[in-house]
Amino acid sequence: MSVIPPPLALASGLEARQTVVSHHAHMQRASSASCGSGRLEGKADMRVANAEYGQPGSRAIAEENVPNRFELFLLGDGEKKVVEEPDTRVQSASVFTFNREDHTLGNMLRARLLQSPHVQFSGYKVPHPLFSKFELRVQTDGSITPRQALLQACKDLVTDLGLLSREFTKEWELRKMVGDNVEGGANGV
């Protein structure tokens, strides 16, 4: 039985070294499985083996696979933030795909939509945990369109979050004033 090595021609620099080490570790495991005497040699081999099996010590290699934080919310060229697709199976229903968003917005929109008397169903799903997008399905009673319901829910959320921000800032400033007075009174005595 022969194992085909990964395409090393496509890798360069650090990736090439990791690919070679990964391939070496894979060959050692294949050897130990067939002969029972294979062993990983060196720290790099152990880190690769640990990363492949989710063991402690795999953080250095695992961090290299994490996308940059800004890639989670910046749209690509020609990519739209929201795309609406009417649901042909159910009357007065649409599926909205939100790109570069996650559970935070999905759950807030779902909950806000359910507060509307015209919305019969609202639910969202994240198709894959590694891709920052979610699909929101909205069904209305027909008196308003799903798009109108979503726009109203967004306006209501902006109003609610503005109120939350003002109230939080007011409380924060009051706590700072009370804290300054307590500290000032204690230091003056």
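A residue is called buried when its relative accessible area is under 20%, exposed when it is over 50%, and partly exposed in between, using a 1.4 Å probe and counting protein chains only. Asp87 is buried by this rule because its relative accessible area is 10%. The structure is a predicted model, in which local features need pLDDT of at least 70, side-chain atom pairs count only at pLDDT 80 or more, and totals for chains, interfaces and linings use all residues. Residues are numbered from 1 along each chain as its sequence is written, and side-chain values use heavy atoms, leaving out hydrogens and water.

The predictor's confidence in each residue is given as pLDDT, from 0 to 100. The protein averages a pLDDT of 76, and 62% of its residues score at least 70. Residues 1–24 stay under 50 on this scale, and the model has 20 contacts for them beyond four places in sequence; here, contact means heavy atoms within 4.5 Å. Residues 26–43 also stay under 50, with 16 contacts beyond four places in sequence.

Next comes the overall fold. Helices (H or I, at least four residues) and strands (E, at least two) are DSSP runs, numbered from the N terminus. The protein has five helices and four strands, and reading along the sequence gives the pattern α-α-α-β-β-α-β-β-α. Of the contacts between residues at least 6 apart in sequence, 45% join residues at least 24 apart. Buried residues account for 20% of the 189 residues. The protein exposes about 13,700 Å², of which carbon and sulfur atoms supply 58%; accessible areas come from the Shrake-Rupley method with a 1.4 Å probe, and for residues only the protein chains shown count as cover.

What lies inside? In soluble globular proteins, nonpolar side chains tend to be buried together. A nonpolar core is defined as a set of buried Ala, Val, Leu, Ile, Met, Phe, Trp, Tyr and Cys residues joined through side-chain atoms within 4.5 Å. The largest such core has twelve residues, among them Phe96, Phe98, Leu109, Phe134, Leu136, Leu150 and Leu157. Two or more core residues come from each of S2, helix H4 (103–114), strand S4 (133–140) and helix H5 (146–188). H5 gives the most, with four residues.

Asn99 counts as buried because its relative accessible area is 12%. Leaving aside residues up to four places away in sequence, Asn99 touches Leu75, Glu79, Lys80, Lys81, Val83, Ser132 and Lys133.

Two backbone angles also deserve a look. Most residues other than glycine have a negative phi. Ser92, however, has a positive phi near 60 degrees, and is placed in the loop between S1 and S2. Arg100, in the loop between S2 and H4, likewise has a positive phi of about 60 degrees although it is not a glycine. Ser92 is partly exposed at 24% relative accessibility, and Arg100 is partly exposed at 25%.

Charged side chains come next. A salt bridge is a side-chain nitrogen of Lys or Arg within 4 Å of a carboxyl oxygen of Asp or Glu, and the count comes to ten salt bridges. The side chains of Arg89 and Asp87 meet in one of them, at 3.5 Å from N to O. Arg89 is exposed, with a relative accessible area of 72%, whereas Asp87 is buried at 10%. Asp87, Arg89 and Arg137 are linked in a network of salt bridges. Arg112 pairs with Asp156, their closest N and O atoms being 3.5 Å apart. This pair links distant parts of the chain, with Arg112 in helix H4 and Asp156 in helix H5, 44 residues apart. Glu173 and Lys176 form a salt bridge with closest N and O atoms 4.0 Å apart; both lie in helix H5, three residues apart, about one turn of the helix.

Finally, the surface has a nonpolar patch. Patches are made of residues with over 30% relative accessible area and no salt bridge, joining like charges within 9 Å and nonpolar side chains (Val, Leu, Ile, Met, Phe, Trp, Tyr) within 5 Å. Phe70, Leu72, Phe73 and Leu74 form this patch, with about 380 Å² of accessible area together. Phe70 lies in the loop between helix H3 (59–63) and strand S1 (82–86), and counts as partly exposed at 42% relative accessibility.
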